[in-house]
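Please open the structure in your viewer and keep the selection tool at hand.

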Amino acid sequence: MSSGKMQIDKAKPETISFEPGNQHNEEILTYSGDTKVTVTVKSPIGDKTYDLPDNGIYLLNLKNDTLIGSIVNFGSSGMPTAISTMQLEHIIDSTQQLLLGQNASDANKTYFLTPGSIKKLSTNEGAKILGPYNAIPGKVEADKDGNAPEFYKFFTNAQKRESLNDLIKRLQK
């Protein structure tokens with residue numbers, strides 16, 4: 001994900017030309033094989049390399065803002081019709097911590113990616129990443145084994161701060 005234009009080198013797809021800007025862009029790159037891949041991002045400020053040591057799904061943040069996100073828990077009970085004050089306070093507290101990078105962890109599948117960083121999210125190469133301007137699908141299908149699909153939803157810090165302010169206003173009503 002980037003703030004600016006990305007151009008993937010067709011002859012060498014491990015090379016990305018990046019021109020910083022304000023426009024949100026996303027690219028999905030697929031590398032196959034069991035060898036380590038090194039991705040090179042070429043930009044006006046210089047080249048930077050990122051190692052992908054093993055197979056899986058990675059997120060590279062070339063945005064101007066920190067990306068925060070987590071795995072989407074589809075559950076089995078559907079959307080709640082109401083939320084208690086205690087649940088809302090917990091959501092607000094967790095969001096405030098995540099905005100500061102305090103409760104981001106691989107174990108909890110919560111992530112805090114500063115600009116210019118990369119993170120492996122999953123070993124499941126079929127997992128999907130939903131960027132800041134993509135909604136969580138309203139309907140999803142189980143995989144061939146009956147398991148829920150693996151989705152990771154990400155927001156910019158600015159977006160999450162705005163939604164946090166909305167939650168706080170709801171709590172104060």
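Predicted model: local features only at pLDDT ≥ 70, side-chain atom pairs only at ≥ 80, totals over all residues.

Begin by selecting β7 (110-113), β6 (67-71), β10 (residues 151-156) and β9 (128-130). These four strands form an open sheet with mixed pairing, and they lie in the order β7-β6-β10-β9. At the edges you will find β7 and β9, each of which pairs on one side only. If you follow the sheet from one strand to the next, the twist averages 20 degrees.

Now look at β9 and β10 by themselves: they run parallel and are joined by three bridges.

Next select helix α2, residues 157-172, which lies across β6, β7 and β10 and runs at about 85 degrees to β10.

Is Leu 100 buried or exposed? Its relative accessibility is 59%, and because a residue over 50% is called exposed, Leu 100 counts as exposed. If you also select Pro 53, which is 47 residues apart from Leu 100 along the chain, you will find 27 Å between the C-alpha atoms of the two.

Then go to Ser 117, in the loop between β7 and β8 (118-122). Ser 117 has a relative accessible area of 18%, so it is buried, the cut-off for that word being under 20%. Its side chain reaches the backbone oxygen of Thr 114 at 2.6 Å. Leaving aside neighbours within four places in sequence, Ser 117 is in contact with Tyr 50, Leu 59, Leu 60 and Asn 61.

**The second largest pocket**

For the last stop, select Ile 28, Leu 29, Thr 30, Ile 57 and Tyr 58, which are the closest to the centre of the second largest pocket among the 30 residues that line it. About 810 Å³ of space lies in this pocket. At least two lining residues come from each of β1 (2-8), β3 (37-43), β5 (57-60) and β9, and β5 gives the most, with four residues.

Technical notes
Residues numbered from 1 in each chain as written. Heavy atoms only, no water. Buried < 20%, exposed > 50% of the residue type's maximum accessible area, 1.4 Å probe, protein only. Polar contact = N/O pair within 3.5 Å; in protein donor to acceptor, adjacent residues only side chain to side chain. Contact = heavy atoms within 4.5 Å. Pairing = 2+ DSSP bridges. Axes fitted to C-alpha atoms, helices over the stretch in contact; angles between N-to-C directions. 1 Å grid on protein atoms, 1.4 Å probe; cavity = no way out; pocket = protein on both sides within 12 Å on 5 of 7 lines; lining within 4 Å. Points joined across faces, edges and corners; volume = space filled by probe spheres on them.
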